[in-house]
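Biologist: Here is the model I wanted to go through with you. Could you take me through the side chains?

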Amino acid sequence: MNPSTALARVLVDELARCGLSEAVVSPGSRSTPLALALVAHPDVRVHVRVDERSASFLALGLARVSRRPVAMVCTSGTAAANFHPAVMEASESGVPLLVLTADRPPELRGTGANQTVDQIGLYGGAVRMFAEVGTPDPAPGMVAYWRSLCCRAWAAAVGGRPGPVHLNVAFRDPLTPDEPGTGAPAWNEPLEGRDLGRPWIGRPGPRAEPAPFVLPDVERGVIVCGDGDYDPVPFLALAELTGWPLLAEPTSNARRVGAISTYRQLLASPRFVAGPPPELVVSVGRPNLSRQILAYLARAERHVVVTAGAIGDPAAALPNAFSDPARTATDVVAAVAAPEGLGLVPPVAPHHPQRTPSAQYPSSARTDWSRTWWRAEAAARSAVDTVLDADETLSEMRLARDLVSHLSAGSLLFAGSSMPIRDLDATMRARCGVRLVGNRGVSGIDGTVSTAVGAALAHQAGGADGQAYALLGDLAMLHDQNGLVIGPGEPRPDLAVVVVNNDGGGIFSGLEQAGHPDFERVFGTPHGVSMERVAAVADLPYTRLEWATDLPKALLGEGLRVIEVQTTRTDSAVLRRRVQAAVDEAVDGLL
């Protein structure tokens, strides 16, 4: 067996022993040994994409939803550079990836050889571990080195702070397996791994639960759940025990019964925020979606940040091991417990996800502070829904609210990083049963279609009963329309991609740039492209949706499909201001 084939087969076999079940491959010559080893392995499902950027975000979506490392493979040169945006997103959002870049051997580097760049440490600090695997020389001990390196890479990817790992693998010719009957010499030592399919290095079980930090007993406490893949139930229980309001971003998956659904508008209401500041804020995840939350954190007398990597974990030394965007943290802890002396209280009664909450307080609203929040929530919720329901034409805000309300239990919703996630934050009612994800680590426009496809594939591979949906903007769709191009033999998702087309960058219409004379060209960036044309390029079913009452019917269907809602940026900006004004008026009447 030639050296390149031996190395590739051992790497793939050991990663599969560690738990690898998904890999994304982009075609290339130098990466041939890895590609062939992956497609030959019975325990690994392989996805092939011609565009490395799309491939890497597909891997990101698969890993984000499955919570397991996914391998992505490319050839040398600019192919590896196209992985970089997804590697950055994975690093910031804590998604495990195995980045396997093929490379020229050392004798071809720095010589002007074709398709050769310096790939050593290519991704800098964005990876949890980098290793130059080295050339596969037939020397004693190479198999043990390769297998132990894979176990170390896997452990680094899934460790205290999960993230991407980069292995740069140099291959010499020949790059394809030896033809049978050619008399090729056997490798100089057995290539097999441990008995019974065990990994080369066993990993210890989960660490003991950290001792919780007992929170102070204050009246004016607030719980903020930001983006992240963590269990929200303990924080909902903490809100129930203490009566503190819980403010949950959509991708925290904590906006369930007991959460304040209109916090975004309440914290933008001058009269409401003019009240007493919070004595304590407990935050978890990455609360960075709105300026209102960041400003509110700055008013807190004490800010306790909860992060799994805070105590006894080397990952805590990483600069972004915990989220403190406003630099207001006073304590960083691994777990929290309710103040001493609090007894159990009855659970909050569930309500239908589409029903507007009444003014009746939940059982946790036992203080003036919590009652003020819940009175404001009821008034703001009614104001938001009244404005949105006044017109049956689908607006961007109403689409976001109605889409998540209509999804069946067990569904997955991927949200684009610009206005879609903000409209969900502004309008989504509290509900259970839907998992929301998005690329909120770096919040780039890159790869959103591909990530949604990967998320849907992982969601359905995991045996989920519900469907998968994506809510994206038109620029995000155009930026990653390659993600819709899937080869005939590739696994295909059951995914409805709902696209808001306002012919440009709608998020800028609400920012300071909106008044600049060159706004439309530089920030508005109109393109004049219908999503029907994009769908036609990928040969996908297309639906144009205009009326709110037609949304449930439009969502029906199977396979990958595109649903377009056309809006105007000006009208959408006006509507958002009307919603906020209605909330301000409703809240002012209470205070």
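Modeller: One term to start with: buried means under 20% relative accessible area, exposed means over 50%, and partly exposed is in between, with a 1.4 Å probe and protein chains only. This is a predicted model, so local features need pLDDT of at least 70, side-chain atom pairs count only at pLDDT 80 or more, and totals for chains, interfaces and linings use all residues. Residues are numbered from 1 along each chain as its sequence is written, and side-chain values use heavy atoms, with hydrogens and water left out.

Biologist: Is C150 buried or exposed?

Modeller: C150 counts as buried because its relative accessibility is 0%.

Biologist: And what about C432?

Modeller: C432 is in no disulfide either, and its nearest cysteine sulfur, on C225, is 13 Å away. C432 is partly exposed, at 45% relative accessible area.

Biologist: On to charges. How many salt bridges are there?

Modeller: The count comes to 27. The rule asks for a side-chain nitrogen of Lys or Arg within 4 Å of a carboxyl oxygen of Asp or Glu.

Biologist: What does R45 pair with?

Modeller: E22, at 2.8 Å from N to O. R45 is in strand β2 (residues 45-48) and E22 in strand β1 (residues 22-25), so the bridge ties together parts 23 residues apart in sequence. Strands here are DSSP runs of E, at least two residues, and helices are runs of H or I, at least four, numbered from the N terminus.

Biologist: How accessible are R45 and E22?

Modeller: R45 is partly exposed at 27% relative accessibility. E22 is buried at 10%.

Biologist: Where does D229 sit, and where R67?

Modeller: D229 lies in the loop between β8 (221-225) and α7 (233-242), and R67 in the loop between α3 and β3, so their pair ties together parts 162 residues apart in sequence. The closest N and O atoms of that salt bridge are 2.7 Å apart. R67 is partly exposed, at 48% relative accessibility.

Biologist: Which residues are linked in a network of salt bridges?

Modeller: R381, D385, D389, E392, R398, R401, D402 and R429. Within it, the side chains of R401 and D402 meet at 2.9 Å, N to O. R401 is buried at 2% relative accessible area. D402 is buried too, at 7%.

Biologist: Another arginine. Where is R561?

Modeller: In strand β19 (residues 561-566). At 5% relative accessibility, R561 counts as buried.

Biologist: Which backbone oxygens does the R561 side chain reach?

Modeller: A polar atom of the R561 side chain lies 3.1 Å from the backbone oxygen of L555. The side chain also reaches the backbone oxygen of G557, at 3.4 Å.

Biologist: What else is R561 in contact with?

Modeller: Beyond its neighbours within four places in sequence, its contacts include Y469, D494, P541 and L556. Contact means heavy atoms within 4.5 Å.

Biologist: Rings now. How many aromatic pairs?

Modeller: Five. Rings of Phe, Tyr and Trp (its six-membered ring) pair if their centres lie within 6.5 Å; planes under 30 degrees apart count as stacked, over 60 as edge-to-face and the rest as tilted.

Biologist: Why is the pair of Y230 and F235 edge-to-face?

Modeller: Their planes stand at 80 degrees, so the pair is edge-to-face, with the centres 6.1 Å apart. Y230 is buried at 19% relative accessible area, and F235 at 8%.

Biologist: And F272 with W373?

Modeller: Also edge-to-face, 4.8 Å centre to centre, with 80 degrees between the planes. F272 is in helix α9 (residues 270-273) and W373 in helix α11 (residues 368-389), 101 residues apart. Both F272 and W373 are buried. Ring pairs link F272, Y296, W369 and W373 into a cluster.

Biologist: Last topic. Which residues of helix α5 are buried?

Modeller: In α5 (residues 84-93), they are A86, V87, E89, A90, S91 and S93. They pack against α3 (52-66), β3 (70-74), β4 (97-103) and β6 (164-170).

Biologist: What follows α5?

Modeller: G94, with a positive phi near 70 degrees.

How values were computed. A polar contact is a pair of N or O atoms within 3.5 Å; within protein, one must be able to donate a hydrogen and the other to accept it, and residues adjacent in sequence count only if both atoms are side-chain atoms. A disulfide is a pair of cysteine sulfur atoms within 2.5 Å.
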